[in-house]
Amino acid sequence: KKGVASLPIQLIGIFNARLPKTVAKNMGSPKLNYRTGRFASSVKVVDYATTKEGFNSFGYTYQKDPYQVFESTSGSKFSSVERDPRVLIEQSMREIAAEMAIGRFYTRRV
C-alpha cells in the first residue's frame, strides 16, 4: 500500500486544506501580522512536479497585491527578510509535511 506522499494530488489537497490555518498560526511580529485573514486564506498549492533527483516540488501562490512588496527581493521600500511572505508560507508547508512524515521536498512561488 502506498503512503500519502506517493500521491501528489492528495498532497495538494491536504496542503490546501491545512495551509490557511497553519499560515495564520505562524503569523505575528516580526513576520506579517494576522489582521483580516485575507493573506492566510489566499495561500494555495497550485502544482506539483518531480525534480531530476526524484524529489517532490510544489508550486504555491498567494495574493500578490499587496503582499508581494514585502518579498525581500522586491526592491520595494517595504521589503524585509523578516516579513517575506515566502518564508512564512514555506515554514507552514514544512510544518504540515512534518506532520505527514514527508521527507525532502522543494517549494517554489509561481
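This is a short tour of the protein in your viewer, stop by stop.

The model is predicted, so local features need pLDDT of at least 70, side-chain atom pairs count only at pLDDT 80 or more, and totals for chains, interfaces and linings use all residues. Residues are numbered from 1 along each chain as its sequence is written, and side-chain values use heavy atoms, with hydrogens and water left out.

**Stop 1: the whole protein**

Show the cartoon. You will find 4 helices and 3 strands. Both are DSSP runs numbered from the N terminus: helices are H or I with at least four residues, strands are E with at least two. Follow the chain along its sequence and the pattern reads α-α-β-β-α-α-β. The radius of gyration is 14 Å, close to the 13 Å that the globule rule gives for 110 residues, so the protein is as compact as a globular protein of that length. That radius is taken over C-alpha atoms, and the globule rule is 2.2 Å times the number of residues to the power 0.38. Along the principal axes, the C-alpha trace spans about 50 × 30 × 20 Å.

Of the 110 residues, 35% count as buried. Buried means under 20% relative accessible area, exposed means over 50%, and partly exposed lies in between (1.4 Å probe, protein chains only).

Contacts come next; a contact means heavy atoms within 4.5 Å. Among contacts with a separation of 6 or more, 55% are between residues 24 or more positions apart.

**Stop 2: the aromatic rings**

Select Phe15, Tyr48, Phe58 and Phe105. These residues form one aromatic cluster. Rings of Phe, Tyr and Trp (its six-membered ring) pair if their centres lie within 6.5 Å; planes under 30 degrees apart count as stacked, over 60 as edge-to-face and the rest as tilted. By this rule the count is 8 aromatic pairs.

Zoom in on Phe58 and Phe105. Their ring centres are 5.9 Å apart and their planes meet at 75 degrees, so this pair is edge-to-face. Phe58 lies in strand β2 (residues 56-61) and Phe105 in strand β3 (residues 105-109), so the pair ties together parts that are 47 residues apart in sequence. Phe58 is buried, at 0% relative accessible area. Phe105 is buried too, at 5%.

**Stop 3: charges over rings**

A charge sits over a ring if NZ of Lys or CZ of Arg is within 6 Å of the ring centre and within 35 degrees of the ring normal. Select Lys64 and Tyr62: the lysine lies over the face of the tyrosine, 5.9 Å from the ring centre. Then select Arg104 and Phe55. Here the arginine lies over the ring face at 4.8 Å from the centre.

Stay on Arg104. Its place is the loop between α4 and β3. At 54% relative accessibility, Arg104 counts as exposed. Leaving out residues up to four places away in sequence, Arg104 touches Phe55 and Asn56.

**Stop 4: helix α4**

Select residues 85-99. This is helix α4, with 15 residues, and it reaches 22 Å from its first C-alpha to its last, close to the 21 Å expected at 1.5 Å a residue. The expected span is 1.5 Å times one less than the number of residues. Which residues of α4 are buried? They are Pro85, Arg86, Leu88, Ile89, Ser92, Met93, Ile96 and Ala97. An α-helix has 3.6 residues a turn, so residues three or four places apart point the same way. The cover over these buried residues includes α1 (8-26), α2 (38-42), β1 (44-50), β2, α3 (64-67) and β3.

**Stop 5: Tyr67**

Find Tyr67 in helix α3. Is Tyr67 buried or exposed? At 12% relative accessibility, Tyr67 counts as buried. Not counting residues up to four places away in sequence, Tyr67 touches Arg38, Phe39, Tyr62 and Pro85.

**Stop 6**

Most residues other than glycine have a negative phi, and most peptide bonds are trans. Ala101 counts as exposed, at 68% relative accessibility.

Next, select Ser29 and Pro30. A cis peptide bond joins them, with omega about 5 degrees. Pro30 lies in the loop between α1 and α2. Finish at Asp65 and Pro66, where a cis peptide bond has omega about 15 degrees. Pro66 is in helix α3.
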